[in-house]
Structures are given as C-alpha cells and as structure tokens.
Amino acid sequence: MERVVVSQMLSYLHSHKLITSQQHGFLSKHSTSTNLLETLQDWTLAIRDKKSVFAVYIDSAKAFDTVSHNKLLHKLSCYGISGNLLNWIRSFLNCRTQQTRVGNCLSCLLYLCSGIVQGSVIGPLLFVLFINDIIDIFSDATITCVCKLFADDPKIYATLYINDDGVNLTDKLKCVEKWCSEWQLSISVK
C-alpha cells in the first residue's frame with residue numbers, strides 16, 4: 001500500500017514541480033554523487049572567476065525523530081495533499097507507541113506525537129516534504145548563497161569576491177536557524 005501511495009504522491013509532486021531540485025536524498029536519480037557534482041561545478045566556476053567559497057555543513061539532531069506530526073500534516077496540505085490521502089497519512093502517523101524492554105521488564109507505553117516512521121516506505125518522502133521549504137530561504141536570486149540538501153543535511157555555501165564580508169551568508173544562516181526553531185528541528189552544534 002505504501003509503495004502505491006508513494007508512487008502516486010511522487011507523480012503528483014513532480015508534475016507540479018513541488019519538490020526542490022536542490023534535494024538529493026531519497027529521490028530517484030539523485031544521490032550523494034549528484035549533490036557533490038553540482039557543488040563541485042559551482043565551486044569550480046567560482047574559483048575560475050577569482051571568487052572564494054565559504055561553506056557551512058549543517059547536521060540536524062535526530063531530525064527524523066523530532067518531526068511534529070501536526071506540522072508535517074500542515075505542510076502536506078499546503079502541497080495540495082488532502083482528503084482521503086491526507087487522512088490515510090494522519091492515520092498512519094497517529095496512535096503510534098513505543099516501549100522499551102530490558103530483560104523481562106517492559107517500560108510503560110509512550111504515545112508518539114512526533115517522528116517519521118523509520119523503515120517505512122513512505123517515511124523518507126514525508127521527511128523530504130517536511131524539509132523541502134527550507135530552500136525558500138535561498139530563493140532570492142540577488143544573493144550568492146546556495147543550499148543543497150541530502151535528506152536532513154543542508155549544505156550552504158556562498159561564492160564571494162575576496163573583499164566581500166560574507167554578510168549574506170551570515171544572514172542566511174540566521175534564517176536557517178529561525179526556520180529550524182519554527183519547525184522544531186534542532187541543529188547538532190557538535
């Protein structure tokens with residue numbers, strides 16, 4: 001069932017160009033290699049044009065575990081996913097529990113209100129859609145900052161002339177921090 005749902009959702013999302021081309025994780029014909037090749041091309045052109053490249057790699061702390069179900073469902077509805085499909089996804093996420101066993105002892109059941117179901121077929125797509133709009137921070141064509149995604153790991157870089165001060169990059173990093181706070185994703189500072 002999940003495979004059918006994912007196939008239909010991807011068809012809809014691609015036909016309406018709703019998934020950013022900057023995402024290289026969990027998508028067909030995208031990988032760490034395509035992410036690196038695009039980045040290498042940008043950096044090579046920057047160096048050829050006598051520019052410096054400043055890069056920041058961001059790691060989200062427990063990203064898949066902390067996705068708020070309510071916020072994810074809100075984003076899905078913003079992408080036009082509604083009706084029975086949205087209800088099916090809501091049902092898929094709701095009333096999940098976890099419990100820990102040590103030897104013969106079991107902890108109390110804990111109801112989950114966040115987290116992408118890991119090991120599921122639909123989980124990676126749900127996460128891609130949850131983080132998809134972080135790219136909007138970088139949509140201003142006059143700014144030299146670029147963001148590439150591989151699943152939950154943004155790579156942000158700016159190409160600057162030697163005498164530029166990197167203010168745009170700093171501003172964009174503050175926007176990323178604000179986005180993460182708003183959507184309850186923690187940045188792993190370590």
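## Helix 7: extent

Helix 7, residues 167-182, comprises 16 residues and reaches 23 Å from its first C-alpha to its last, close to the 22 Å expected at 1.5 Å a residue. The expected span is 1.5 Å times one less than the number of residues. Helices (H or I, at least four residues) and strands (E, at least two) are DSSP runs, numbered from the N terminus. Just after helix 7, Q184 adopts a positive phi of about 65 degrees.

The model is predicted: local features need pLDDT of at least 70 and side-chain atom pairs count only at pLDDT 80 or more, while totals for chains, interfaces and linings use all residues. Residues are numbered from 1 along each chain as its sequence is written, and side-chain values use heavy atoms, with hydrogens and water left out.

The buried residues of helix 7 are L169, K172, V176, W179 and C180. They lie on the same side of helix 7 because they cover an arc of only 95 degrees around the axis, taken from the directions from the helix axis to the C-beta atoms. Buried means under 20% relative accessible area, exposed over 50%, and partly exposed in between (1.4 Å probe, protein chains only).

The face turned away from the buried side carries the exposed residues K174, E177, K178 and S181. Among the elements covering the buried residues are strand 1 (51-57), helix 4 (69-78) and strand 8 (153-161).

## Tyrosine 12

Y12 lies in helix 1 (residues 2-15) and counts as partly exposed because its relative accessibility is 28%. Not counting residues up to four places away in sequence, Y12 touches L18, Y79, G80 and I81, where contact means heavy atoms within 4.5 Å.
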